[in-house]
Amino acid sequence: MTDKEAAFLKRLLVTFKIEAQEHLQGMCAGLLRLEKKEDSAEERAELVEIIFREAHSLKGAARAVNQVEIESLCQGLEGIFAALKKNALPTSALIFDLLQEVLDSLALALADVGAGRTHKNKALQRQLVRRLEEVMRLKMAVEVPDTLTDVEAGLQENVVPLPTSFDTPIQEQGTIPHHSAYGEQNVAPHPAMPDTVRVSTDRLTSVLLQAEDLLAAKFASSQRVLDMRSASAAFGAWKKEWVRFQPVLQELKRTGTRGEACGQNSDTLELQRSLTRVLDFMDWNSDAIMSLEARLKVETTSTERDSRVLGGMVNNLLDDMKQVLMFPFASLLEILPKIVRDLSRDIGKNIELEIRGEDIEIDRRILEELKDPLLHLVRNCIDHGIESSAERLAKGKQAGGTIRITVLPLDDKVELTIADDGGGISLEAVRSAVLKLGTVQGDKVATLDDQELLAHVFQSGVTTSPIITEISGRGLGLAIVREKVEKMGGTVTVETAPDSGTTFRIVLPLTVATFRGILVRLGGNLFVLPAMHVARVLRIKAEEVKTVENRETISLDGEPVSLARLAAVLELPAPPAERGASELLQMVVLSVSNTRIAFLVDEIVSELEVLHKGLGRQLSRVRNVVGATVLGNGRVAPVLNVPDLLKSAIRMADFSSLRGGDNTTGDSPARRNLVLVVDDSITTRTLLKNILESAGYDVVTAVDGIDAGTKFTNHRFDIVVSDVEMPRMNGFDLTAAIRADKVLKDVPVVLVTALASREHQERGIDVGANAYIVKSRFDQSNLLEVMKKLV
Amino acid sequence: MREITPPENDIQRIILKKRAAALAVEPKEDGTENDLIEIVEFLLADEYYAIESVFISEVCHLKDLTPIPCTPAFVLGVINLRGTILSVIDLRTFFELPNKGLSDLNKVIVLNDGVMEFGLLADVIRGVRLISVKTLQPSLPTLTNIRADYLKGVSEERLVVLDGGKILSDQRMVVHEDV
């Protein structure tokens, strides 16, 4: 047995002990209640059933970890309860005693599990098993089960003497309480209190949330300190003035005393006396202010101390709470060997799985979120990463493929790599898939380098698999992988080499906990940008913004970087100009995998530590916003989704340049594209017709799929925009019909629908729609842009 | 600790059995108690509405609402509810009611059915009371579209009782948008 296996077995035994303890408690409680005979026959039957199940479960668990003694004891118990269930065995005090004895023995055996001391109790257990069998045998012999006395007599005759036939050390130890029939109480040693407690993760999470809420108190307290310090500093200005004023005061005092000495007239004297009083009051005033300053200083110092103590306590509590919710990767990776074995066997491939670093711990919430992406990546490796044995042999590789999963700690992060030694991702296939999807213009696709091209595999709809299989090929998986990983504040990248394999690298934070964020202000709203995506914060003069190819850019390290207005990207109403053009513009340069865009904000407020929180179940996914955080003042600020922001900014830029392009095409009398709009709602039809006509299309409408079919006989459409839910023939069927038609099969179809679910989206892709726009996010720019790409 | 084979299965089964037995008992014909439901009555844009209290986990003050950009108009924003972020929805947008704007009197009714959770904006909470389901009229012809979709019934006092379950399970409420 390797060390690893030994360690695993040890962990398993610990788990088993916890589980067994519960089963045992269940049986004990049930048995005690059964013995009291207070319940109705029905309830008793239920109790027997419960105990039977517990014994059965424990037997199974014991067998799994090779605890033969426990297994055989449970088997005996199970037999008794099976008989009790059928009412084939009368319940006598004797039987209860025996059963309790068995439970005690089980508790003892359990305490020894993993401690290697099982030997001395074995004889006792064997004997108990024998006695259980005896009871069962007796039951068979007793013809009339109602005659309790007979059974009891039988038991006493047959069971009690039994121990004497064993000459074992147990007798000497006197631990066989078979005299219980005479009312003696069992005094088997109690097992020690378990040193683990099972607490539902819900409850733990709620405690963690409360601990996290203390962060707000911590932030607020450090803010208080800052406020007090600045109040303290305000005295400095007064002091300066006071010192500056001193000569004047001195001068006044001097004239006052001189006047008294010279003996001037009473009026002047009176005035001078008043002046002296005022001067005295000034001195008193200054003393009062100074003492106030001193007091404030003292208070500030104690507040600072309190704040530090509070901060430390909150941090410790939070760290400990996070530790509680830390789990080793093993708990996630343990499921993989079986999945890999089963899946690879199903598709007839020979695949080995190697796992390293599974003992590294990470926040449980991250592990949970990681499950789907990990499964998806592993399936990818199996389904189209690793080639079939024949293919591999032809390439001169070993027949069997290998998937390597490695967990590596990286400072405060963890790197998880999923690597296969398969055929690698075909860059040409990605290129054609990107072309097919049409999100990148054709001429641009040709210029993409390998790394840029590879980044597209994470895009929704890009698949290199020629067929859609049960396991993968829909082109949605990797998009989901990236989204989930990014949501946790991680990154995912891919490397591939022809015939030597593909490696997915996921870098994750250790806890969902706090991360550094940049707090920015737009109008009256505050937003947080995760610092990991902030490449730079800048202040530049307005005249440094240059327009290149009709787009605003700034120069960064000698390279032009596009400039976008964050408020516009977030679809916030344009705020009134806050500052003159002479003032500096504040901007944040955001970067995600080689794309850099500068975003103009009204103010960069501060850098801060933030705790990421989800937006709740109703806001399942919001464009450009990944979550929220609670600021020091208790207010909530949205945390922005940087990858989304870059996409939105690029899209807006494309759209604005597209609008510029429309003007030029307006001059040439080129044939206008003909659109078929299919929708059962007259409002939608009218609306779409208006939008499309003003965007330069000719529009024909149809009320449902059937109607659309007839329209096709008279027109040659360049594109179809269809609703999904319609009477007679819905959008899916219409799309399928178009795809099935020899002449029409290449006409692009855009589905516009209220069905936002992933399944519907997949269904849309399945039937061959080119785009799927959800009505809730229905704005005309989106539709027009998609249509522009398609025709 | 992680879940190990749940021994609750049987207990659950027993509980379910008991419930089934309890449900199988025929209700008394005159049973006035059985058709009573507890409702929370609230004011929304000068109209009275009510929701069954079983769908309401709590009611709280609306303060420090943070609007979330790029969300549909019916999503007012989010609030911090004891460390959890809760989204708040404005039914007025659905019901085409006049938008009165927010005031400090505004309340949030937290709807929760175990699957979905969000807050509903209300102007004033009038209170909790019992009403008889039998007295509820199916609908009013003036209630159109979405308001009719969410309707449980209209009481004798013309109080519109909304179906909390339907509101919670309506997929139109869920925001799930990609860029």
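## A first walk through the model

The crossing of helices α2(A) and α3(A) is left-handed. That is our way into this structure, which is a predicted model.

**Two helix pairs in chain A**

Stay with that first pair for a moment. The axes of α2(A) and α3(A), the latter covering residues 68–85 of chain A, come within 8 Å and cross at roughly 155°. Angles over 145 degrees count as roughly antiparallel, so α2(A) and α3(A) are roughly antiparallel to each other. On the α2(A) side, the residues making the contact include V48(A), I51(A), F52(A) and A55(A). From α3(A) come, among them, I70(A), C74(A), L77(A) and F81(A). Sorted by class, this contact has 12 nonpolar, two polar and six charged residues.

A second pair is made of α11(A), residues 336–346, and α12(A), residues 364–385. They pack at an angle of about 30°, with their axes 10 Å apart. That makes α11(A) roughly parallel to α12(A). In this pair the crossing is right-handed. Which residues of α12(A) does α11(A) meet? They are V378(A), R379(A) and I382(A), and they face L336(A), I339(A), V340(A), L343(A) and S344(A) of α11(A). By class, the contact between α11(A) and α12(A) has six nonpolar, one polar and one charged residues.

Here are the two pairs side by side:

| Helix pair | Axis distance | Angle | Handedness |
|---|---|---|---|
| α2(A) and α3(A) | within 8 Å | roughly 155° | left-handed |
| α11(A) and α12(A) | 10 Å | about 30° | right-handed |

Now for a sheet in chain A. Five strands form an open sheet in the order β2-β4-β5-β7-β6, with mixed pairing. At its edges stand β2 (351–356) and β6 (491–497) of chain A; each has a single partner strand, so one side of each is left without a neighbour in the sheet. From one strand to the next, the twist averages 15°.

One bridge partner to look for is V507(A) in β7(A), which goes with T491(A).

**The six-stranded sheet**

Further along chain A, six strands form another open sheet, in the order β10-β14-β15-β13-β12-β11, again with mixed pairing. Its edge strands are β10 (534–541) and β11 (546–548) of chain A, each of which pairs on one side only. Neighbouring strands in this sheet are turned by 40° against each other on average, direction ignored. Three bridges join β11(A) to β12(A), residues 551–556, in an antiparallel arrangement. Across that pairing, K546(A) stands opposite T553(A) of β12(A).

**Where the chains meet**

How many residues does each chain put into the contact? Chain A gives 51 and chain B gives 36. The side of chain A that touches chain B draws at least two residues from each of several elements, including α1 (3–36), α8 (201–262) and α19 (642–667). Our opening helix α2 (41–64) is also one of these elements. By class, that side of chain A divides into 17 nonpolar, 16 polar and 18 charged residues.

There is strand pairing between the chains too. β17(A) and β11(B), residues 175–176, pair in the parallel sense over two bridges. In this pairing R621(A) stands opposite H176(B).

Chain B also has a hairpin to look at. Its β9(B), residues 151–154, and β10(B), residues 160–162, run antiparallel and are joined by three bridges. L151(B) has L162(B) as its bridge partner. Five residues lie between the strands, and in this hairpin R158(B) takes a positive phi near 60°.

The mean pLDDT of chain A is 76, with 81% of its residues at 70 or more. Confidence in chain A is lowest in α7(A), residues 169–173, at a mean of 41, and highest in β19(A), residues 636–640, at 93. Over residues 466–474 of chain A the pLDDT is below 50, and this stretch has 18 contacts beyond near neighbours in sequence. Residues 657–670 of chain A are also below 50, with six such contacts. Where pLDDT is low, the predicted coordinates should not be read in detail.

Definitions and conventions. Residues are numbered from 1 along each chain as its sequence is written. Chains are lettered from A and ligands numbered from 1 in the order in which they are written. This is a predicted model: local features need pLDDT of at least 70, side-chain atom pairs count only at pLDDT 80 or more; totals for chains, interfaces and linings use all residues. Two strands pair if DSSP finds at least two bridges between them. Helices (H or I, at least four residues) and strands (E, at least two) are DSSP runs, numbered from the N terminus. pLDDT is the predictor's confidence in each residue, from 0 to 100. Two residues are in contact if their C-beta atoms, placed from the backbone, lie within 7 Å. Axes are lines fitted to C-alpha atoms, for helices over the stretch in contact, and angles run from 0 to 180 degrees between N-to-C directions. Ala, Val, Leu, Ile, Met, Phe, Trp, Tyr, Cys and Pro count as nonpolar, Asp, Glu, Lys and Arg as charged, and the others, Gly among them, as polar. Angles under 35 degrees count as roughly parallel, over 145 as roughly antiparallel, 65 to 115 as roughly perpendicular and the rest as oblique. A crossing is left-handed if the near helix is turned anticlockwise from the far one by less than a right angle, and right-handed if clockwise.
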